[in-house]
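Please walk me through the disulfides of this model.

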Amino acid sequence: TDPVHYYTIPGIYRVKLIATSPGGCVDSVFKTIRVSDTIGTRVNYLPINGCKSLAVNLKSVTTGPMASYLWDFGDGYIQTTFTPNVNHLYSSFGNFLPKVIMKDPSGCIIPVQGLDTIYVTGANSNFTLDNKFFCDIGLVNFTDSTTFNDPVASYNWSFGDGTTSTLQNPVHQYTGPGNYTVRLIVKTQIGCRDTMTKPNIIKIIQKPQVTIEGDSIVCVHSSLQHTGIFLQPDTSVVTWSWNFPNGTNSTLQDPSIQTYNTAGNFTITTIAVNSSGCKDTVTKPIYVKPLPLLTLPGQMTVQSGFPVTIPATYSPNTISWIWSPSQGLSCANCPTPEAGPAFNTNYQVYFTDINGCTNKGSIQVVVICKNANLFVPNTFSPNGDGSNDIFYPRGRGLERVKLMRIFDRWGEVVFEKRDFPINDAAAGWDGTFKGKKPQADVYVYQVEVFCDNGDIIRLNGNIALIL
């Protein structure tokens, strides 16, 4: 039914099939078979050795016409042609044996394998690097990863910045911003060369160059304005991060005014980062000067008509003072004026040191016996002439003398009297002590007097006894 027949001689054969049915009916069919002559069929090609890339011309030789040729070059590439000639470029090194499958017009397939191996020698240059991105400068380690079938005799590197190297695994320092193309050329022992170029493989971005502008010296409780300044233009988007010693932060190039409430030496820091992640960190020292200090009681009492020096004590190097209000003061621009207001007054003083730092203080001056007038003489002459012979306090708006005490220069009490009327000469001191005649000298007195409103006036002073 399905015979197999082997034709041993090329030629054209007419095959006839006669089929007979069980009932004796007969039918026949013819088919022509062409047996091609493959004697002498071969593949010729040259050259059969050289460096990659090696261009080889291949030619199929056979008798009779062929409809197509399917080429297998042995390096993974195939190609169909309708002519017996073909050119192929071997772009990688190795050993290759080409083949061709021919098809005649009748569809007969004729495979032919080459007799000679094609030897392609060379190297595939390649390399890796440990880092491709830097800010300002960069140190790159290059590693050769070249493959070859002939030992590499030399390496020639070009780093893209005008420098070269002949080392197999060089290390190179890039010193400026830019995009750098790296090229490696290798040469094998028999002279085969190969080149690997990686365009713009290394990118070095210039970091922002900034500084902090603004004053660096300020007094406590005063303010400073700090500004971020580019030392050279930067076209990328730059973000800012400020850290101030007063505990605040900012992300603005020009942050808000900063107030410093603690004296000392401090440091301002800002970090500017561009869109590539390159950053510049700068610092600026500032000095916050302390304020001058004042020692001053919160309140003092004066008698109307008897000014008293305000007991203010300032820190060293205080150079100016301004008192307000000026009414009732002996001066408005001195450190310790005398205060004798007619009514209770709150005085404020603004004082400045040699650093220009200003502070302030205040004192409440309470006026007692506002409508009273007390007079204590500073001399008397108990010589019996009837004029100024007795030392006693006098005045108006006063209720009585609570105490009058007199001391000699050695601190001994020579006279003391309590609770006697004001303006009463009979209650005063006639200069005698223990029955002895008055002695010309300077004595110290203490007087306490009740005003009509119950306030107490206390006076201390010197009295000269003149004979």
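Is Cys 334 buried or exposed? Cys 334 counts as buried, because its relative accessibility is 17%. The terms are defined by relative accessible area: buried means under 20%, exposed over 50%, and partly exposed in between, with a 1.4 Å probe and protein chains only.

Some ground rules come next. This is a predicted model, in which local features need pLDDT of at least 70 and side-chain atom pairs count only at pLDDT 80 or more, while totals for chains, interfaces and linings use all residues. Residues are numbered from 1 along each chain as its sequence is written, and side-chain values use heavy atoms, with hydrogens and water left out.

A disulfide is a covalent bond between the sulfur atoms of two cysteines. Here a disulfide is taken as a pair of cysteine sulfur atoms within 2.5 Å. That rule gives four disulfides.

Stay with Cys 334 for a moment. Cys 334 forms a disulfide with Cys 331, and the sulfur atoms are 1.5 Å apart. The torsion about this S-S bond is about 45°, so the disulfide is right-handed. Cys 331 has 21% relative accessibility and therefore counts as partly exposed.

Now turn to Cys 135 and Cys 278. Their sulfur atoms lie 1.9 Å apart, and the two cysteines form a disulfide. This link joins distant parts of the chain, 143 residues apart. Cys 135 sits in strand S15 (residues 133-135). Cys 278 sits in the loop between strand S30 (264-273) and strand S31 (279-289). Strands (E, at least two residues) are DSSP runs, numbered from the N terminus. The torsion about the S-S bond of Cys 135 and Cys 278 is about -90°, so this disulfide is left-handed. Cys 135 is partly exposed at 31% relative accessibility. Cys 278, at 0%, is buried.

The next pair is Cys 219 and Cys 357. A disulfide joins them, with an S to S distance of 2.0 Å. With -90° about the S-S bond, this link is left-handed. Cys 219 lies in strand S24 (residues 217-219), and Cys 357 lies in the loop between strand S38 (345-353) and strand S39 (358-368), so the pair ties together parts that are 138 residues apart in sequence. Cys 219 is buried at 10% relative accessibility. Cys 357 is buried at 0%.

Two further cysteines deserve a look. Cys 25 has a relative accessible area of 55%, so Cys 25 is exposed. Cys 108 is partly exposed, at 28% relative accessibility.

Terms used
Helix = DSSP H or I, 4+ residues; strand = E, 2+ residues; numbered from the N terminus.
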